[in-house]
Amino acid sequence: MGVSAYQVLARRWRPQRFEDLVGQDVVVRTLRNALSSGQIAHAYLFSGLRGVGKTTVARLLAKALNCEKGPTPDPCGECGACQDIAAGSSLDVLEMDAASNRGIDDVRELREVARVLPVRDHFRVFILDEAHQLSKDAFAALLKILEEPPAHVVFILASTEKDKFPATILSRCLQIDFRPIPADLVAARLTQVAGNEGFELTPGAAQLIARATEGSLRDALSLLDRVRAFAEGAVDENAVAEVVGLPPFEVVLALWRALEGGDVAAALGLVRAEERSGRDPAALFEQLVQLLHALLLLATDPTAQAPFPDAHRPAMAESAGRLGPALLVRLLALALEGKGLVAAAEKPGVAVAVAIGRLALWPRLQRVEALLAGEPAPGAGGAPAPPSRSAPPASAA
Ligand SMILES: [Zn+2]
């Protein structure tokens with residue numbers, strides 16, 4: 001084999017069949033059912049965040065429509081139509097980026113082209129990416145086509161901003177909403193891709209990447225590309241943290257230990273050290289929020305996936321079990337309030353210090369509350385608890 005250009009993971013592992021799609025079960029089922037029963041719309045609107053599979057599904061739908069055996073929910077992947085669409089060279093499937101083809105002229109051209117019969121396949125399929133960026137005139141021209149669409153034409157509009165479409169266009173489209181992909185599914189897909197590519201990706205690193213990219217599988221795969229290039233070997237939590245600019249897990253863990261012990265001075269010292277190292281203290285706070293979330297999940301489900309190294313899992317599970325879900329929910333709520341503070345602050349360092357200082361006070365608050373409720377104070381040593389004669393039962397919330 002000769003030298004070949006490196007193809008990014010997101011492209012190399014782009015699903016070629018509906019069943020390979022990750023995290024879009026409702027979308028897949030809707031389209032497969034429609035294809036099985038021969039209900040083909042002239043216009044589809046795929047909306048959702050970037051990188052959740054809109055363009056991938058648009059191409060799959062084009063294949064399903066134009067496969068020699070189509071329309072079918074299971075395109076063969078082998079006929080000329082399937083192969084040309086996969087290679088992006090089909091004459092009957094035209095992909096346009098509305099962001100760079102905004103003018104009326106392109107839509108007029110579209111209308112001319114739409115009148116022409118398919119060159120070879122069953123349908124002429126137009127995939128319009130970022131379709132919300134069309135101009136007002138372009139929308140008007142598109143509407144004219146959609147009012148009386150030629151039988152052989154299918155439009156697939158893909159967009160991250162559905163609310164920017166005129167109602168007249170929306171009402172003529174079969175609207176399909178794509179959801180953000182859950183972190184566990186993204187992590188599982190990353191692990192699968194790493195396995196196929198033959199490199200090691202630790203479970204904690206897969207979780208970190210999935211959480212950093214917030215439901216976008218494409219972003220997750222391109223981050224995996226970057227970390228892999230950086231790590232030159234196994235991809236672990238610290239490699240991900242370094243590439244993303246996150247604090248190493250040890251720092252997040254030390255911060256949590258300080259908070260757990262109610263040690264305000266130690267917690268604030270870690271924030272200052274983070275600032276001195278040139279990293280963004282807001283990123284440290286965000287990682288703390290993620291850690292609290294993971295602890296809460298662990299408290300309710302000991303098998304939950306978590307964004308930290310496996311070696312730390314037993315200690316984290318112990319923390320989670322000891323604190324319990326009710327308390328962790330309150331800590332997480334407090335941390336989320338702090339997040340708002342950090343986001344709004346001019347100097348994130350100061351806001352992070354305040355937010356973390358407040359979090360560090362929780363053991364003291366908890367002791368006061370316990371005393372007020374007439375319960376034995378947690379961690380109060382051997383002192384006998386006051387009798388709880390007439391105290392009402394403590395509320396769990
Ligand atoms: Zn085919």
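Hi everyone, and thanks for coming. Please keep in mind that we are looking at a predicted model.

Let's start with the overall layout. The protein chain splits into domain 1, covering 9-177, domain 2, covering 183-244, and domain 3, covering 249-372. For domain 1 and domain 2, the centres, taken over C-alpha atoms, are 30 Å apart. Ten residues from domain 1 and 15 residues from domain 2 take part in the contact. How much area do domain 1 and domain 2 bury between them? The figure is about 1200 Å², and 58% of it lies on carbon and sulfur atoms. If you want to find the domain 1 side of this on your screen, look for Leu9, Trp13 and Val22, which lose the most area to domain 2. Together, these three residues make up 52% of what the domain 1 side buries.

Helix α8 runs over residues 183-197 and helix α9 over residues 203-212, and their axes come within 8 Å of each other, crossing at roughly 125°. That angle makes α8 oblique to α9, and the crossing is right-handed. On the α8 side, the contact is made by Ala183, Asp184, Val186, Ala187, Leu190 and Thr191. Facing them from α9 are Ala206, Gln207, Ile209, Ala210 and Arg211. Sorted by class, the residues of this contact are seven nonpolar, two polar and two charged.

Next, please move along to α12 and α13. Are these two roughly parallel or roughly antiparallel? Helix α12, residues 249-260, packs on helix α13, residues 264-276, at an angle of about 155°, with the axes 8 Å apart. An angle over 145° counts as roughly antiparallel, so that is how α12 and α13 lie relative to each other. The crossing here is left-handed. From α12, the contact takes Val251, Ala254, Leu255, Ala258 and Leu259, while α13 brings Ala266, Ala267, Leu270 and Glu274. Eight residues of the α12 and α13 contact are nonpolar, none are polar and one is charged.

Our last pair is α14 with α16. Helix α14 spans residues 281-300 and helix α16 spans residues 348-360; they pack at about 30° with their axes 8 Å apart. The cut-off for roughly parallel is under 35°, and α14 and α16 are therefore roughly parallel to each other. α14 passes α16 in a left-handed crossing. The α14 residues in this contact are Pro281, Ala282, Phe285 and Leu288. Those from α16 are Pro348, Gly349, Val352, Ala355, Ile356 and Leu359. What classes do we get for the contact of α14 with α16? There are nine nonpolar residues, one polar and no charged ones.

The peptide bond from glycine 70 to proline 71 is cis, with omega near -5°. You will find proline 71 in the loop between α3 (54-66) and α4 (80-87). The other detail is glutamate 130, with a phi near 50°, a positive value in a residue other than glycine. Glutamate 130 also belongs to a loop, the one between β3 (124-129) and α6 (136-147).

Conventions:
Residues numbered from 1 in each chain as written. Predicted model: local features only at pLDDT ≥ 70, side-chain atom pairs only at ≥ 80, totals over all residues. Heavy atoms only, no water. Axes fitted to C-alpha atoms, helices over the stretch in contact; angles between N-to-C directions. Helix = DSSP H or I, 4+ residues; strand = E, 2+ residues; numbered from the N terminus. Parallel < 35°, antiparallel > 145°, perpendicular 65-115°, else oblique. Left-handed = near helix turned anticlockwise from the far one by under 90°. Contact = heavy atoms within 4.5 Å. Nonpolar A, V, L, I, M, F, W, Y, C, P; charged D, E, K, R; others polar. Domains from an automatic or database assignment. Buried area = accessible area lost by both parts, 1.4 Å probe.
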